[in-house]
Each structure stands twice: as C-alpha cells, then as structure tokens.
Amino acid sequence: MKIAVFASHNGSDLQAIIDACQNGMLNATVEAVISNNSDSKALERAHKANISSYHISAKTCGNESNTDAPILYILQKHQIDLVFLAGYLKKIGDQTLRQYHNRIFNIHPALLPKYGGKGMYGMQVHAAVIHAGESTSGVTIHRVNEEYDAGEIVAQKMIPVSKSDTPESLAKKVLQYEHLFLVDFLKDIVNGSIPLG
Ligand code: GRF
C-alpha cells in the first residue's frame with residue numbers, strides 16, 4: 001500500500017504514519033508528502049525520513065486551481081494507492097478527486113457531522129466543543145469530497161471531555177488518540193476491512 005500524506009503544519013499525524021510503516025506496525029509505505037506550506041514541519045519530517053516531499057501551493061502554481069494537475073501528477077508518478085489528509089487545510093481539486101475517488105481520507109479532531117466545515121480547524125474546533133458543553137468529543141476519519149469535512153464517515157473514536165478541559169488540553173488529548181487511531185484505521189484499509197473505491 002503506497003500512501004501519500006498531505007499536511008499543512010506540524011505533521012505529528014504524518015509522523016505517526018511514518019513511524020508505523022518503519023517499525024512494521026503497518027504494511028505500507030509513505031511514498032510522498034505534499035504541503036501547501038513551504039515552512040511546514042511536515043516537510044521537514046518527510047525530508048528527515050527520506051520521503052519525497054513537495055511544496056505545492058497557489059504561490060508555486062499561480063493560483064489555487066492550478067495546484068490540482070501537479071498534485072495528481074505526483075500521485076500518479078509515485079503510483080499512490082491512498083491519500084491521507086493529516087491537517088491539510090486546502091480543498092482537493094476535481095481531477096484528483098475523480099482519479100482517486102473513495103481513496104482520499106481526512107482526519108478531523110471532533111465527532112463529525114458536528115464541529116466541521118469551513119473554518120472549523122485547529123483550536124476553533126476544540127473551543128466550539130468546550131463552549132457547547134459537550135461531555136464527549138472524538139476523532140473522525142471520512143472520505144474526502146468537494147466539501148470540507150462532508151464525505152462519508154468511515155471511522156470514529158469517542159473521547160471523554162472532562163469538566164476541567166480547556167480547548168488546549170482537549171486538543172492535546174485528541175491528538176494523542178489520533179496517532180493511535182489513524183494507524184488502526186490504515187491497518188483496516190491494508191487488510192481490506194475498509195474498502196477502497
Ligand atoms: C489534527 O488534529 C487533525 O485531526 C487535523 O489537523 C491536526 C493535524 O495535526 N485535521 P498535526 O499537524 O498532524 O500535528
């Protein structure tokens with residue numbers, strides 16, 4: 001299973017996937033990392049792990065819609081089977097969505113369909129969960145379509161919110177779960193219990 005990971009910032013989810021591939025927990029390889037942010041730690045992590053990494057953005061391509069063709073080119077060049085969006089803040093273009101139908105997944109740090117959509121990323125998500133007084137939050141993995149956070153939900157993990165949680169403490173807690181949960185999810189993809197399109 002050849003995986004491409006897209007990430008805009010820190011890339012700790014990316015790191016969890018790289019580590020699982022390297023230590024044999026996951027029978028897969030991360031073949032390419034794509035980021036819209038040239039300063040992202042994700043690109044640094046890819047570089048350290050000797051993984052082909054690419055900065056593709058409106059800046060490098062002239063405008064946002066021009067990023068679609070080079071992204072698809074890279075995925076095809078590396079014969080990618082599955083694309084995992086791990087903290088990637090851009091939409092995926094139409095050509096890539098078509099060619100990788102049902103094979104692009106996103107991880108979201110809350111229980112969709114609540115607390116998702118445009119602008120719902122990073123600390124905003126956890127602040128909204130705390131503000132609403134939820135006693136449970138979680139992690140969602142869904143297939144990616146043309147809308148933010150709206151594709152078919154394929155896996156969810158519930159995580160308790162305690163009364164003393166702040167957006168920051170909840171973010172930390174959720175992210176720790178994500179690192180384990182996404183590896184379990186990818187194992188299910190590799191063993192065929194979650195089908196690719
Ligand atoms: C994670 O919380 C993920 O759910 C969301 O973006 C965050 C990425 O974290 N989509 P990191 O950059 O992998 O540390």
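Here is a chat about the sheet and the ligand site of this structure.

Biologist: What kind of model is this, and how are residues numbered?

Modeller: This is a predicted model, in which local features need pLDDT of at least 70 and side-chain atom pairs count only at pLDDT 80 or more, while totals for chains, interfaces and linings use all residues. Residues are numbered from 1 along each chain as its sequence is written, and side-chain values use heavy atoms, with hydrogens and water left out.

Biologist: In what order do the strands of the sheet come?

Modeller: The sheet is open and has seven strands in the order 3-2-1-4-5-6-7, with mixed pairing. Strands here are DSSP runs of E with at least two residues, helices are runs of H or I with at least four, and both are numbered from the N terminus; two strands pair if DSSP finds at least two bridges between them.

Biologist: And which strands stand at the edges?

Modeller: Those are strand 3 (52-55) and strand 7 (153-160), and each has a single partner strand, so one side of each is left without a neighbour in the sheet.

Biologist: Okay, strand 1 next: why is it largely enclosed?

Modeller: Strand 1 covers residues 2-6, and because four of these five residues are buried, the strand is largely enclosed by the rest of the structure. Buried means under 20% relative accessible area, with a 1.4 Å probe and protein chains only.

Biologist: Which strands does strand 1 pair with?

Modeller: It pairs in the parallel sense with strand 2 (residues 29-35) over five bridges, and four bridges join it to strand 4 (residues 82-85), again in parallel. Ala 4 stands opposite Ala 32 in strand 2 and opposite Val 83 in strand 4, while the bridge partner of Ile 3 in strand 2 is Val 30.

Biologist: Changing topic, which residues surround the ligand?

Modeller: Among them are Asn 10, Gly 11, Ser 12, Asp 13, His 108 and Glu 178, where a residue counts as near if one of its heavy atoms lies within 4 Å of the ligand.

Biologist: How far are Ser 12 and Glu 178 from an oxygen atom of the ligand?

Modeller: A polar side-chain atom of Ser 12 lies 2.5 Å from a ligand oxygen atom, and for a polar side-chain atom of Glu 178 the distance is 2.9 Å. Gly 11 has a backbone N or O atom 2.8 Å from an oxygen atom of the ligand.

Key: Buried < 20%, exposed > 50% of the residue type's maximum accessible area, 1.4 Å probe, protein only. Polar contact = N/O pair within 3.5 Å; in protein donor to acceptor, adjacent residues only side chain to side chain.
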